[in-house]
Amino acid sequence: MRLEKCWFCSSTVYPGHGIQFVRNDAKVFRFCRSKCHKNFKMKRNPRKVKWTKAYRRLNGKDMTQDSTFEFERKRNRPERYDRNLAENTLKAIKKIDKIRVAREERHHSQRMSGKRSKEMKEAAVELEQGIHMVKAPSVLAEDQSLTLPKIQVRVSQPQTEKNQPMEE
Amino acid sequence: MGKCPNRKVRKRRYSHKTARLAKLLRKGDDAVYDEFQKPESEKNPLPFDEDLPGMGQFYCLHCDRYFANVSVRDEHFKTKRHRKRVKEMMGSKPHTQLDADLAAGMGMPDNGPKLMSM
């Protein structure tokens with residue numbers, strides 16, 4: 001029993017799943033589900049389809065080179081069964097998996113690191129430009145507490161004294 | 001005894017099968033790419049085939065299509081679709097199972113020590 005990788009999306013194909021297509025030149029194409037199979041029949045290029053692993057690695061969304069990748073390989077020479085070896089391998093698989101997941105997590109967080117500051121900047125600009133949607137400008141002019149701290153209008157005393165003679 | 005339908009009906013009922021077969025017989029991208037990568041066999045001459053248009057002599061390698069004569073084929077070379085194919089073939093090697101395995105996070109396949117020295 002072998003766990004194969006889907007030709008299109010590179011996910012694991014477990015026994016009892018998917019379709020294998022054998023072409024006239026004896027090349028075998030394995031697909032994990034009909035979605036990948038149909039995309040193949042449409043002659044779509046996996047490197048251009050956004051949700052495949054091929055696209056993600058090519059465009060730096062997922063980690064590309066790592067030493068943990070060396071452990072999982074397609075081994076075409078059968079190993080003689082050795083109980084100790086099998087036990088150690090099973091333990092190692094668990095450990096390596098944990099390490100690989102941690103590294104991928106780190107890669108992802110590094111990729112997303114500038115996001116919070118960018119979001120805050122964009123929000124500040126939007127607030128400044130669109131404050132009229134929150135409160136009417138006339139209300140903002142009267143009640144100074146509602147405006148942003150930047151816009152501070154000081155009411156100067158001499159002006160009011162001047163106005164009084166005018167009103168009379 | 002059942003009725004034998006007329007020619008049009010039979011053609012309509014059978015056409016999806018011929019279309020499916022035609023789709024299967026067309027070469028995939030990586031097969032066409034491999035054709036370009038082998039200079040040593042030096043491109044065997046096209047065999048005479050009665051069924052194909054133009055006896056199978058006028059062939060576009062990039063699009064895997066046969067044409068009736070040289071002028072038709074040359075007209076095809078000017079089309080947008082053909083030029084796009086040419087550009088694609090100039091690019092990198094198409095996606096293979098090995099690429100899919102590497103993308104999944106596996107290493108290079110391990111074929112063990114060489115058994116026979118050639």
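**Entry 1: ground rules**

I call a residue buried under 20% relative accessible area, exposed over 50% and partly exposed in between, using a 1.4 Å probe and protein chains only. My model is predicted, so I keep in mind that local features need pLDDT of at least 70 and side-chain atom pairs pLDDT 80 or more, while totals for chains, interfaces and linings use all residues. Residues are numbered from 1 along each chain as its sequence is written, chains are lettered from A and ligands numbered from 1 in the order in which they are written, and side-chain values use heavy atoms, with hydrogens and water left out.

**Entry 2: a bridge between chains**

I looked up salt bridges next (a side-chain nitrogen of Lys or Arg within 4 Å of a carboxyl oxygen of Asp or Glu). I find 16 of them over all chains. One of these joins B:Asp110 to A:Arg75, with the closest N and O atoms 4.0 Å apart. This pair crosses between chains: B:Asp110 is in the segment after α5 (97–104) of chain B, and A:Arg75 is in the loop between α2 (53–58) and α3 (83–111) of chain A. Elements are DSSP runs numbered from the N terminus, helices being H or I of at least four residues and strands E of at least two. I note B:Asp110 as partly exposed because its relative accessible area is 23%; A:Arg75 is partly exposed too, at 37%.

**Entry 3: bridges inside chain A**

Which parts does the pair A:Glu4 and A:Arg30 tie together? Their side chains meet at 3.7 Å, N to O. A:Glu4 lies in strand β1 (residues 4–5) and A:Arg30 in strand β4 (residues 28–31) of chain A, so the bridge ties parts that are 26 residues apart in sequence. Both residues are buried.

I then checked A:Lys91 and A:Glu87, whose closest N and O atoms are 3.7 Å apart. Both sit in helix α3 of chain A, four residues apart, about one turn of the helix. A:Lys91 is exposed at 53%, whereas A:Glu87 is partly exposed at 39%.

**Entry 4: rings**

I count nine aromatic pairs over all chains. Rings of Phe, Tyr and Trp (its six-membered ring) pair if their centres lie within 6.5 Å; planes under 30 degrees apart are stacked, over 60 edge-to-face, and the rest tilted. A:Trp7 and A:Phe8 have ring centres 6.5 Å apart and planes at 35°, so I log them as tilted. A:Trp7 is buried at 7%, and A:Phe8 is buried at 0%. One aromatic cluster includes A:Trp7, A:Phe8 and A:Trp51.
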